[in-house]
Amino acid sequence: MASNALSLFPSIFRHEPTLSSPSLFTRSNKLPLLASTWRLAVSTDHTPVFTTSTPTSAFSDNTNNKNKEDEKANEKKNGALVGDGDQVMSSNQFFEQAKDLRRSNDQYSSGTGSGPPRWFSPLDCGTPTNHDSPLLLFLPGIDGTGVGLVRHHKKLGKHFQVSCLHIPPKDRTPFTDLVKLVERTIRSEHHASPDRPIYLVGESIGACLALSVAALNPDIDLVLILANPATSFSRSPLQAVLPLLQFMPDTPYLSLPHVLSTITGAMMASLEKGVGGLPLPQTIEKLSRDIVAPSISNLSVLADILPRETLLWKLQMMSAASSYTNSRLHAVKAHTVMLSSGRDPLLPSQGEGQRLKGLLATCQFRTFEECGHFLFLEDAFDLLTVIKNVGVYRRSKERDFVTDYIPPSPSEVKGIMDKNRWLNILMSPVMLSTLADGKIVRGFAGIPTEGPLLYVGYHMLLGFEIVPLVTQLFEQYNVHLRGIAHPMMFLKMKDGSLPELTLYDDFRLMGAVPVSGKNFFKLLSTKSHALLYPGGVREALHRKGEAYKLFWPERSEFVRMAARFGAKIVPFGAVGEDDIGDLFLDYEDQMKIPFLRKFIEDLTAEAANVRSTDDGEIGNQALHLPGIAPKFPGRFYYKFGKPIETAGRKQELRDRETAHELYLEVKSEVEKSLAYLLKKRESDPYRNLGARLQYQAINGFTSEVPSFDLD
């Protein structure tokens with residue numbers, strides 16, 4: 001069947017040869033390179049296939065030889081280029097590619113617009129960076145086009161092999177048969193690559209499809225990313241649309257816009273009483289014309305995608321899909337990411353997301369308050385950023401937090417910087433480092449840029465120092481510091497009192513890893529800049545009178561690990577927690593109050609204790625929220641000591657006593673840095689926020705505020 005594809009789609013689609021292997025995607029096959037922003041690689045088979053040769057344009061020579069500035073103009077017209085080199089496509093691109101698919105359907109079916117559901121691989125996805133990148137299958141929503149991820153193709157294509165399901169408008173394949181189609185696809189791929197996960201990304205009906213396939217295949221490693229699933233159809237305003245469709249004339253003005261408009265309160269009221277005494281069909285048409293007039297250029301495309309008969313069929317399918325899927329939710333074992341829009345007019349998506357989170361075995365939930373039903377087409381939504389935030393990207397059975405990590409793009413970094421800019425302005429952190437000759441200088445000049453580097457320091461109360469430390473190093477010194485963090489930032493075993501994982505999204509995006517010897521080893525082996533707090537939770541949740549006191553264990557493993565890779569150790573101190581608040585209710589106080597004691601015990605039981613082998617106060621990793629009385633802000637101060645070399649000392653530091661001596665040296669340097677800063681800040685004329693604001697009022701709001709004189 002696929003052998004006819006070239007003649008069927010001569011203008012905009014490339015033929016994809018059928019693979020003889022049982023695998024749909026073999027490692028030797030690569031995604032097609034970008035040949036045109038709007039073109040797709042299509043197979044007429046029911047299984048996805050990829051090109052095995054470099055694609056050439058399918059347009060005529062005259063079209064191909066047209067000035068390439070036209071292509072750049074199209075890029076500017078259809079999307080804005082962002083700092084990371086990725087093109088952010090506009091939603092208009094959805095209609096452009098939908099029109100291409102419409103023409104292909106007409107050619108394939110001799111003008112009838114029919115044909116079976118089939119997979120296509122978007123050419124603008126390009127080639128993945130890694131040869132073992134996982135497969136991502138997109139399952140469309142009510143539109144059925146399969147181009148719903150058009151805004152994300154380029155970014156996703158760098159890290160996934162992307163294939164999309166297209167369901168022609170006049171196709172009437174039942175939901176259960178679509179389940180079988182996707183099931184055959186994932187089973188074939190799993191057979192060929194059993195150690196790699198398969199990602200199913202679905203919206204509305206497509207989300208039901210993904211859940212159903214996962215329920216029927218619990219033995220296959222699937223990751224589900226679902227937007228506004230139609231499992232809530234029984235509570236949807238769309239129920240009211242079904243009986244109205246029989247009155248609707250099949251015109252370009254009666255398509256999906258009707259669904260979007262008829263469920264608003266004003267529209268429903270007008271439908272009930274009519275407009276100017278008009279009968280119901282004319283009322284619907286008049287209101288629809290008024291609402292969709294500004295989008296008339298895209299209206300014909302919508303009408304082709306969802307004519308009245310197709311819309312009726314899709315709504316009936318949505319009802320069947322909802323019932324079928326809800327009866328099988330108990331069997332879904334796949335890791336699921338639930339994405340819900342706050343302004344979905346078609347489905348009660350926020351409530352449904354919460355419901356499914358409680359029913360599914362492993363489910364992370366994210367809500368997007370300002371987004372509508374078609375989440376993937378929203379300008380404010382970036383699917384790859386969400387995947388990074390929730391931490392579900394992996395290329396094998398187990399996630400490797402180091403090699404599977406996708407660094408943040410410049411636009412993502414800018415977003416984090418902008419969110420925390422006011423904190424940096426408010427606290428005006430003073431950064432000092434130490435040169436090789438022992439001289440203390442302002443800035444980061446004393447810190448080597450080449451890794452591996454291990455930053456070892458003091459953990460302020462509640463970790464207040466982390467955000468300025470990481471952002472300033474990145475912004476001023478172009479150093480990407482990856483923290484070794486508590487496991488509760490990556491996994492929440494059950495619903496309870498621990499903070500939601502969304503609180504730590506930015507930390508995961510910036511490359512934090514769960515504390516473990518394996519992750520520590522891999523960070524240094526990849527020459528990373530790693531951040532370690534030996535004092536851990538006990539130091540960050542210290543008691544009254546314990547500010548700037550180190551709670552380090554006796555073990556010196558990090559010294560031997562650093563020596564193994566010749567990593568430089570940079571000891572540092574940070575002070576200023578007592579300049580933003582006073583600790584008035586600590587752990588000891590709270591344990592005397594019965595209900596708070598119970599809360600602390602429950603909270604600690606939920607989280608993993610990473611110091612269970614340590615005795616005394618070092619091993620007391622009790623989690624609690626200290627009571628802090630805010631103060632008029634002072635200032636944060638950081639001092640990085642002289643880097644300590646371990647290169648060439650691997651054999652020497654295998655000796656425990658020698659390693660412990662170096663460990664104590666590092667600890668002593670941290671304590672010296674703390675003492676230095678505590679003393680010197682007393683002479684800082686701009687330690688107080690008021691003094692800094694006065695200085696900036698005179699010298700400019702963005703001017704760097706000076707501090708104490710250096711020795």
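Helix 20 (residues 557–564) and helix 23 (residues 656–680) pack with their axes 8 Å apart, at an angle of about 100°. That angle lies between 65 and 115 degrees, so helix 20 and helix 23 are roughly perpendicular to each other. Please keep in mind that this is a predicted model.

**Where helix 20 meets helix 23**
- Helix 20 brings Phe 558, Val 559 and Arg 560 to the contact.
- From helix 23 come Arg 656, Ala 659, Leu 662, Tyr 663 and Val 666.

**Helix 18 and its buried face**
- Which residues of helix 18 (residues 517–525) are buried? They are Asn 519, Phe 520, Leu 523 and Leu 524.
- Viewed down the axis of helix 18, these buried residues fall within an arc of 130°, so they line one face of the helix.
- What do the buried residues of helix 18 pack against? Their partners are strand 14 (453–457), strand 15 (481–485), strand 16 (513–514), strand 17 (529–532) and helix 20.
- Just after helix 18, you will find Lys 527 with a positive phi of about 60°.

**Gln 364 in strand 11**
- Gln 364 sits in strand 11 (residues 362–368).
- Is Gln 364 buried or exposed? Its relative accessible area is 10%, and the cut-off for buried is under 20%, so Gln 364 is buried.
- Leaving aside residues up to four places away in sequence, Gln 364 touches His 335, Thr 336, Val 337, Met 338, Val 390, Val 392 and Leu 501.

**Cysteines**
- Cys 363 is buried, at a relative accessible area of 14%.
- Cys 371 also counts as buried, with 4% relative accessibility.
- How many disulfides does a search of the whole structure find? The search gives 0 disulfides.

**The protein overall**
- The secondary structure comes to 24 helices and 21 strands.
- The protein has 711 residues, and 57% of them count as buried.
- Among contacts with a separation of 6 or more, 80% are between residues 24 or more positions apart.

Conventions. Residues are numbered from 1 along each chain as its sequence is written. This is a predicted model: local features need pLDDT of at least 70, side-chain atom pairs count only at pLDDT 80 or more; totals for chains, interfaces and linings use all residues. Side-chain values use heavy atoms; hydrogens and water are left out. Axes are lines fitted to C-alpha atoms, for helices over the stretch in contact, and angles run from 0 to 180 degrees between N-to-C directions. Helices (H or I, at least four residues) and strands (E, at least two) are DSSP runs, numbered from the N terminus. Angles under 35 degrees count as roughly parallel, over 145 as roughly antiparallel, 65 to 115 as roughly perpendicular and the rest as oblique. Contact means heavy atoms within 4.5 Å. Buried means under 20% relative accessible area, exposed over 50%, partly exposed in between (1.4 Å probe, protein chains only). The arc is that of the directions from the helix axis to the C-beta atoms. A disulfide is a pair of cysteine sulfur atoms within 2.5 Å.
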